[in-house]
Amino acid sequence: MIESGKGYVVIGATAAPGRDELPQFLDPVCRAPDQDEIYFVANVEPWDGSAPGFYPVPRQSFDEECDAGYWQRLEPGFSFAWDHHLVALDADRPPFYLPAHDAELVLRSRGEEALAAVAEDLERGITSDWFDERVWYAMRALPKDPFPLLAFIALMRGRLVTSLLNEFESELPLEYRDPSPLHRRAQEQHWQALLKKIHKDPVGSRVMTTVGGSATKHASWLDPFKNLDSFLSTMLGEFGDTPGQACHST
């Protein structure tokens with residue numbers, strides 16, 4: 001059973017992300033109504049699938065982390081709730097404490113705005129150092145949408161080493177059947193310069209078969225396996241004959 005957290009107040013966060021780490025969900029640090037020297041970090045969505053819960057942190061440790069710049073204090077405090085998220089959106093503003101659904105909507109909106117700004121600059125022939133930051137922002141804000149990642153790979157082609165681009169490519173879904181909401185916005189608002197870059201890129205051209213992006217095909221590494229009769233021999237030739245090998249990304 002999850003602890004209620006009734007009467008707890010959010011007074012801080014376990015991270016103080018910089019501009020190149022935004023947007024980011026933060027673990028809130030809470031003060032209990034009957035505790036002065038012990039604070040509690042709320043693990044709202046544990047990475048290992050365990051139940052959400054609090055874990056204690058001495059007040060002195062919290063103060064030290066904040067003074068060192070790793071954690072941050074929040075003023076005024078928010079009333080804690082398990083169905084809320086603490087999310088940092090801007091480098092020059094404190095985090096927002098929002099209902100989970102609202103936090104997701106805000107992230108989507110901000111991610112779309114970031115990529116829209118890039119697309120609009122491309123249409124006007126404007127390039128700047130802000131490209132990297134805004135595309136990264138869109139990728140972090142919309143981790144389940146492959147379109148910002150396709151845009152990033154296309155825009156960074158020639159600026160990043162091939163091995164790093166290959167790592168990013170491995171994050172793409174095996175299939176990209178239909179345009180995502182952001183991809184549809186790109187089509188509807190005629191982000192032609194960005195769409196052209198994606199379709200001219202080796203990865204983008206392989207993932208999307210039309211300028212509109214409405215048709216797709218399987219990821220390239222599946223192509224040799226269309227003929228089931230040659231599946232085993234092709235697989236061994238492509239990946240070697242040692243069982244249990246797998247690729248993963250960080």
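These legends describe close-up views of one predicted protein model.

Residues are numbered from 1 along each chain as its sequence is written, and side-chain values use heavy atoms, with hydrogens and water left out. In this predicted model, local features need pLDDT of at least 70 and side-chain atom pairs count only at pLDDT 80 or more, while totals for chains, interfaces and linings use all residues.

**View 1. The whole protein chain.**
The chain has 9 helices and 8 strands. Helices (H or I, at least four residues) and strands (E, at least two) are DSSP runs, numbered from the N terminus. Of the 250 residues, 38% count as buried. Buried means under 20% relative accessible area, exposed means over 50%, and partly exposed lies in between (1.4 Å probe, protein chains only). The chain exposes about 14,800 Å², and carbon and sulfur atoms supply 52% of this area. Accessible areas come from the Shrake-Rupley method with a 1.4 Å probe; for residues, only the protein chains shown count as cover. Take the contacts with a separation of 6 or more: residues 24 or more positions apart account for 53% of them. Contact means heavy atoms within 4.5 Å.

**View 2. The largest nonpolar core.**
A nonpolar core is a set of buried Ala, Val, Leu, Ile, Met, Phe, Trp, Tyr and Cys residues joined through side-chain atoms within 4.5 Å. In soluble globular proteins, nonpolar side chains tend to be buried together. The largest core here has 57 residues. Which of them touch the most other members? They are Phe80, Leu115, Phe147 and Leu194. Helix 4 (residues 146-156) gives the most to this core, with 9 residues. A second, separate core has 8 residues, including Val29, Val41, Phe62 and Trp71.

**View 3**
Two strands pair if DSSP finds at least two bridges between them. Strand 2 (residues 24-26) pairs with strand 7 in the antiparallel sense, over 3 bridges. Strand 8 (residues 96-99) also runs antiparallel to strand 7, joined by 4 bridges. Val87 is the bridge partner of Phe25. Val87 also has a bridge partner in strand 8, Phe96.

**View 4. Asp90 in its loop.**
Asp90 is found in the loop between strand 7 and strand 8. Is Asp90 buried or exposed? Asp90 is buried, because its relative accessible area is 19%. Its side chain joins that of Arg110 in a polar contact of 2.5 Å. A polar contact is a pair of N or O atoms within 3.5 Å; within protein, one must be able to donate a hydrogen and the other to accept it, and residues adjacent in sequence count only if both atoms are side-chain atoms. Leaving aside neighbours within four places in sequence, Asp90 is in contact with Leu22, Phe96 and Arg110.

**View 5. Helix 2 from end to end.**
Helix 2 (residues 100-123) has 24 residues. The helix reaches 35 Å from its first C-alpha to its last, close to the 34 Å expected at 1.5 Å a residue. The expected span is 1.5 Å times one less than the number of residues. Its buried residues include Leu107, Gly111, Leu115 and Leu122. Glu113 is also in helix 2, but counts as partly exposed because its relative accessibility is 42%. After the helix comes Gly125, with a positive phi near 75°.

**View 6. Helix 7 and the residues around it.**
Helix 7 covers residues 192-200, and His190 lies in the loop between helix 6 and helix 7. The phi of His190 is positive, near 60°. Ala193 is in helix 7. Ala193 counts as partly exposed, because its relative accessibility is 22%. Leaving aside neighbours within four places in sequence, Ala193 is in contact with Leu122 and Glu123. Leu194 touches Leu115, Ala119, Leu122, Glu123, Phe147, Ala151 and Leu155, not counting residues up to four places away in sequence.

**View 7. A cis peptide bond.**
Most residues other than glycine have a negative phi, and most peptide bonds are trans. The bond from Leu22 to Pro23 is cis, with omega near -10°. Pro23 lies in the loop between strand 1 (9-13) and strand 2.
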